[in-house]
Amino acid sequence: MRRLRDVLKFKKPKTRGFAITDGYYLSILAARAQLPTVVSIANPKGEGGAVPGFAVPLRSDSKKADLGRPLERGQYAIASLDRKTVLKMLVLSKEEAGFNPSAFVRSELGMSWPKELRTRVEATWLLLQLTFESYDPELYPSLDFLLKVAKRGAELTDGLVADPLSRVYKLPDDVISPRPENEPVWARDHVKVEIRPQEAGLHCYTLGLQKFGLAEFEVYGVKPDVAEAAELFLIGLSQASLKGEKLKVGVTVGEKGEAITLAEGGLDRGLWEGVRCLELISEDSGDIGEAMVAWLRHQS
C-alpha cells in the first residue's frame, strides 16, 4: 500500500499557538452501498460540484482509471490545490468500524434526534473516515477544506457527518454554518455546547476544543432561564480561543462589574479524564448566569 508521503510531499507545520491533534477525525456515514468516485469528491477544477483539490487512491497497484471507479474499501489521499492540506480518507464497513446503527439510534443521544437524522444513521452501509496528514500553518484553510470534503462526501452518499469528539452528527446542509466575512473560523462548526441538569442548576460545557489541544470550558449552577445566554457565552469563549486568545487560569472575561474568572475545572473525571478544562466562576461570587446575561446584553 502506498503511503501518503510517497504521493504528496508535506511537512509538519508550525502553527499559531495551537494545532490539530492526532485524534481529530470526521466520519461520513454513507447510506448508499454504491459509493461515488473519488474525483466526484475532489478534482482540480471543482467540476460537477466537487471540492477543488487532488484525490488519489493509496494502493500500490492503482491506475489512472481507478479515479473514475466507485470508492472501495481502502485508503485515499485528498489534498488542497496548494497541497498544504492533505487528508487521508479510509473507507471501511460499519462492522470494521465497530459501529452498530440500530443500537446507536436507540441510545439516549439517538433518541433525541429528529427523524431524518435517525433514518440516515440506520441506513448506514459504510464509513468514510477523514483524518489530517498535513495542514496549513494558518490552520483555518485546512479546517475549511476538511468541512467541504466531509459535506461533499455526505451529499454524494445520502449520509451525514459525524464529529465524535464534539458528539455532533450533521446533515450535509448543516456541516458549514454561515459566518461573517471578517471571521477566519467559526466555532459553531467545530464546537458543541452540552447542557445537563443537576441539583444545583444546569451544568453547561463545551466539546470540541480538545481537537486543537485547547482547554474546554464549563460552568455550573446555571438557572434554566439563562441557559441560552450561557450557551452563547461559551461559544463566544470558544471563538476567542480558536482565534488565538490566551484563555487560561486567572484570566477575567465578561463585563465590568459582572466579571467572570477562569479557574481550573474538570473535577468530573468521568467526563473530563485526559481533557483540560477551565471553569467559569463569578468574580464577586454573585449569580454567574446574570454575569453572562450582562455580557450578552453588551453584545447586542
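# Questions on a predicted model

Visitor: Which residues are linked into a cluster by ring pairs?

Guide: Rings of Phe, Tyr and Trp (its six-membered ring) pair if their centres lie within 6.5 Å; planes under 30 degrees apart count as stacked, over 60 as edge-to-face and the rest as tilted. Pairs of this kind link into a cluster Phe18, Tyr24, Phe132, Tyr135 and Phe212.

Visitor: How many aromatic pairs does the count come to by this rule?

Guide: The model is predicted: local features need pLDDT of at least 70 and side-chain atom pairs count only at pLDDT 80 or more, while totals for chains, interfaces and linings use all residues. Residues are numbered from 1 along each chain as its sequence is written, and side-chain values use heavy atoms, with hydrogens and water left out. By the ring rule, the number of aromatic pairs is 10.

Visitor: How many residues apart in sequence are the parts tied together by Phe18 and Phe212?

Guide: Phe18 and Phe212 form an edge-to-face pair, 6.3 Å centre to centre, with 80 degrees between the planes. Helices (H or I, at least four residues) and strands (E, at least two) are DSSP runs, numbered from the N terminus. Phe18 lies in the loop between α1 (4-7) and β1 (25-30) and Phe212 in the loop between β11 (201-207) and β12 (216-222), so the parts tied together are apart in sequence by 194 residues.

Visitor: How many residues of α6 are buried?

Guide: Helix α6 covers residues 140-156 and reaches 25 Å from its first C-alpha to its last, close to the expected 24 Å. The expected span is 1.5 Å times one less than the number of residues in the helix. The buried residues include Tyr140, Phe145, Arg152 and Leu156. Of the 17 residues of α6, the number buried is 12.

Visitor: Which residues outside its sequence neighbourhood does Ser40 touch?

Guide: Ser40 lies in helix α2 (residues 38-41) and is buried, with a relative accessible area of 18%. Contact means heavy atoms within 4.5 Å. Not counting residues up to four places away in sequence, Ser40 touches Ala50, Arg152 and Leu156.

Visitor: Over the ring of which residue does the charged end of Arg83 sit?

Guide: Arg83 is in the loop between β5 (74-79) and β6 (86-93), and has a positive phi of about 65 degrees although it is not a glycine. Arg83 is partly exposed, with a relative accessible area of 42%. A charge sits over a ring if NZ of Lys or CZ of Arg is within 6 Å of the ring centre and within 35 degrees of the ring normal. The charged end of Arg83 lies 4.4 Å from the centre of the ring of Phe54.

Visitor: Is Leu139 buried or exposed?

Guide: Leu139 lies in the loop between β7 (126-134) and α6. Leu139 has a positive phi of about 70 degrees although it is not a glycine. With a relative accessible area of 0%, Leu139 is buried.

Visitor: Which residue in β15 stands opposite Leu262?

Guide: Two strands pair if DSSP finds at least two bridges between them. Strand β13 (residues 252-255) runs antiparallel to β14 (residues 258-264) and is joined to it by 4 bridges. In turn, β14 is joined by 5 bridges to β15 (residues 277-282), also antiparallel. In β15, the residue opposite Leu262 is Leu280.

Visitor: What is the bridge partner of Ile195 in β11?

Guide: Strand β10 (residues 192-198) pairs with β11 in the antiparallel sense over 7 bridges. The two strands form a hairpin with 2 residues between them. In β11, the bridge partner of Ile195 is Cys204.

Terms used: Buried < 20%, exposed > 50% of the residue type's maximum accessible area, 1.4 Å probe, protein only.
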